[in-house]
Amino acid sequence: MEDICKNWSMWLKKTRFSYMSEAQVEQTLNWLNVIKEQVLALAQIKENEKIADFGCGSGLLGFGVLEKFKDKVEIIFSDKFEDCLEECKKILSEIKTENNAKFLQSDILDIKLPDNYLDCAMTRSVLVHVTDKKRAFNELYRVIKQDGRYCAFEPIISQNTRYYELLLPDQISDYFEFKKAEKEFMENKNDSLVNFDAYSLDNDLNEAGFGDVKVEVQVAASKYIPSKEAILSWFLAPPSPNTKNMKQRFLDYFDEKKVDNFILEVQNALSDKEIKISSNTALIKAVKC
Ligand SMILES: C[S@@+](CC[C@H](N)C(=O)[O-])C[C@H]1O[C@@H](n2cnc3c(N)ncnc32)[C@H](O)[C@@H]1O
């Protein structure tokens with residue numbers, strides 16, 4: 001797995017789709033398209049505005065803006081990592097559309113733009129990789145103009161179904177030890193992936209100075225039948241480059257033999273059976289009042 005997850009552009013292109021069937025890849029791409037449209041609808045972009053897609057990755061939102069407005073807006077593709085900007089430049093050169101696109105390598109915690117520059121800032125699944133969300137909101141507030149908007153989509157991973165909720169104590173040796181470990185690392189305040197929920201996002205945005213804050217939670221309940229391989233990928237696929245996967249998180253508590261046995265027991269308990277999971281996401285809009 002590590003060899004296909006050296007950086008963000010590789011993660012976006014390959015790792016997040018690993019172990020997925022063609023149908024699942026298509027489903028995920030359709031879902032991303034829906035999210036893009038939802039964020040763009042919230043953003044209410046108009047001609048001549050200055051827009052930025054922060055943590056743009058391969059440019060899901062930025063290219064959505066370009067598709068609709070071409071050179072009628074200034075669109076800034078911004079990411080902390082150069083490989084992502086290179087990927088966006090390559091895509092832009094291939095689609096050959098009229099544009100007023102700019103590229104900015106910048107950490108969302110220290111945005112290299114002047115105060116009051118943007119009409120609209122957007123992010124998708126970026127805050128989830130930033131531990132200090134308050135500081136990111138302070139920076140977004142600084143670079144957005146008066147009455148400008150911040151629009152985003154974030155997965156609320158801390159609220160998603162946990163393994164122990166899918167399993168029964170008699171299916172897993174040391175079920176209660178594994179439940180305790182999972183609860184602990186899924187509530188770790190220093191882990192960017194899980195240290196927030198809709199309430200804390202709302203609170204942090206208001207504290208940064210934003211008004212008209214709306215954090216709309218969407219709960220998607222789904223049923224599916226995972227294969228043994230898919231279950232293995234839950235443990236091995238890293239949630240981002242250089243981040244511990246689930247197996248490594250359990251290894252902080254137990255030795256490898258015990259974790260491998262746990263994974264095997266989870267596979268035996270859940271593979272080829274229908275499971276119900278819930279995934280929580282938030283659509284966010286805030287205005288610099
Ligand atoms: C899950 S990807 C999402 C990419 C893109 N927004 C999309 O919707 O497909 C997370 C992105 O956040 C970027 N990122 C992570 N930490 C960042 C930070 N501190 N500042 C700016 N970008 C960051 C990564 O480089 C990556 O492109």
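These legends describe views of one predicted model. Local features need pLDDT of at least 70 and side-chain atom pairs count only at pLDDT 80 or more, while totals for chains, interfaces and linings use all residues. Residues are numbered from 1 along each chain as its sequence is written.

**View 1. The protein chain as a whole.** The secondary structure comes to eleven helices and seven strands (DSSP runs numbered from the N terminus: helices are H or I with at least four residues, strands are E with at least two). Along its principal axes the C-alpha trace spans about 60 × 40 × 30 Å.

**View 2. Strand β4 and its cover.** Strand β4 covers residues 118-124, and seven of its seven residues are buried (20 or more other C-beta atoms, placed from the backbone, within 10 Å of the residue's own). Of the 289 residues of the protein chain, 32% count as buried.

**View 3. Neighbours of β4.** Strand β1 (residues 50-54) pairs with β4 in the parallel sense over four bridges; strands pair if DSSP finds at least two bridges between them. F54 has T123 of β4 as its bridge partner. Strand β5 (residues 144-155) also runs parallel to β4, joined by six bridges. The bridge partner of C120 in β5 is R149.

**View 4. The ligand shell.** The ligand is surrounded by 20 residues, and the closest are G55, G57, K80, I108 and R124 (C-beta atom, placed from the backbone, within 6 Å). By class the shell has eleven nonpolar, five polar and four charged residues; Ala, Val, Leu, Ile, Met, Phe, Trp, Tyr, Cys and Pro count as nonpolar, Asp, Glu, Lys and Arg as charged, and the others, Gly among them, as polar.

Notes:
Buried ≥ 20, exposed ≤ 12 C-beta atoms within 10 Å, placed from the backbone.
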